[in-house]
Amino acid sequence: TCSWKIVVRDETGDMRTSEVYHFTTIADSNPPTGSVSINDGAATTDTLSVTLFLSATDTESGVAYMRASNDGSNWSCWRAYTSKWPAWNLADPRYGGTYAPQGTYTVYVQFKDYEGNISSIYSDSIEKVSGTPGDIILNGESYPTIQDAINAAEYGDTVYLTEGTYT
């Protein structure tokens, strides 16, 4: 059982004290359960930036936090739990990722409840396939290669690359 009261002081220095309140806490020793789905269950992706769709429950204190990893060992910081984590980078080396132009990528997640209980590790995998070619744009014109755009650029020009694959 815990007890507490409220003490307030106004701008003149007068203090007021509430009555003492008593409440009983319920111990929560059960971790959350959950799942992760990359790109809402897609089998393949042509980009390394994906959206993690998360679902977690905790019947006692509630789900408070989540974290993710690309290798199950190097984790992101704990962040407030939400059902969607946009722009997760499958190859981010800070979280154990390594770049491969094609192949299977796996993401691992954990959840933590308000009492600090940490869930098991949940994971999902997705196959990275060759991407679609990106656009190379300089001053409103498209170029077939990055080098062609650089050769045509003048001092102060910006070459824009859209998301895609470049060779």
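I6 is partly exposed, with a relative accessible area of 42%; here buried means under 20% relative accessible area, exposed means over 50%, and partly exposed lies in between (1.4 Å probe, protein chains only). The structure is a predicted model, in which local features need pLDDT of at least 70 and side-chain atom pairs count only at pLDDT 80 or more, while totals for chains, interfaces and linings use all residues. Residues are numbered from 1 along each chain as its sequence is written, and side-chain values use heavy atoms, with hydrogens and water left out.

I6 is found in the loop between β1 (2–4) and β2 (7–9). Strands are DSSP runs of E with at least two residues, and helices are runs of H or I with at least four, numbered from the N terminus. Leaving aside residues up to four places away in sequence, I6 touches R16, T17 and S18, where contact means heavy atoms within 4.5 Å. The C-alpha atom of I6 is separated by 24 Å from that of Y114, which stands 108 residues apart from I6 along the chain.

I6 also belongs to a nonpolar surface patch of about 450 Å², made together with W4, V8, Y21 and F23. Patches are made of residues with over 30% relative accessible area and no salt bridge; like charges are joined within 9 Å, and nonpolar side chains (Val, Leu, Ile, Met, Phe, Trp, Tyr) within 5 Å. Accessible areas come from the Shrake-Rupley method with a 1.4 Å probe, and for residues only the protein chains shown count as cover.

**Strand pairing**

Strand β8 (residues 63–69) is mostly covered, as 6 of its 7 residues are buried. Two strands pair if DSSP finds at least two bridges between them. β8 pairs with strand β11 (residues 103–113) and with strand β9 (residues 79–80). Y65 stands opposite K112 in β11, and Y65 also stands opposite A80 in β9.

Elsewhere, 3 strands form an open antiparallel sheet in the order β14-β13-β15. Its edge strands, β14 (141–142) and β15 (159–161), each pair on one side only. Strand β13 covers residues 136–138, and the bridge partner of I137 in β14 is S142.

| Strand pair | Sense | Bridges |
|---|---|---|
| β8 and β11 | antiparallel | 6 bridges |
| β8 and β9 | antiparallel | 2 bridges |
| β13 and β14 | antiparallel | 2 bridges |

**A salt bridge**

Side chains of opposite charge can pair when their charged atoms come close. A salt bridge is a side-chain nitrogen of Lys or Arg within 4 Å of a carboxyl oxygen of Asp or Glu, and by this rule the count comes to 1 salt bridge. R94 forms a salt bridge with D92, the closest N and O atoms being 2.6 Å apart. R94 counts as exposed at 59% relative accessibility, whereas D92 counts as buried at 10%.

**Positive phi values**

Most residues other than glycine have a negative phi. N39 has a positive phi of about 50° although it is not a glycine, and D40, also a residue other than glycine, has a positive phi near 55°. N39 has its place in the loop between β5 (33–38) and β6 (44–45), and D40 lies in the loop between β5 and β6. N39 counts as partly exposed at 23% relative accessibility, while D40 is exposed, with a relative accessible area of 58%.
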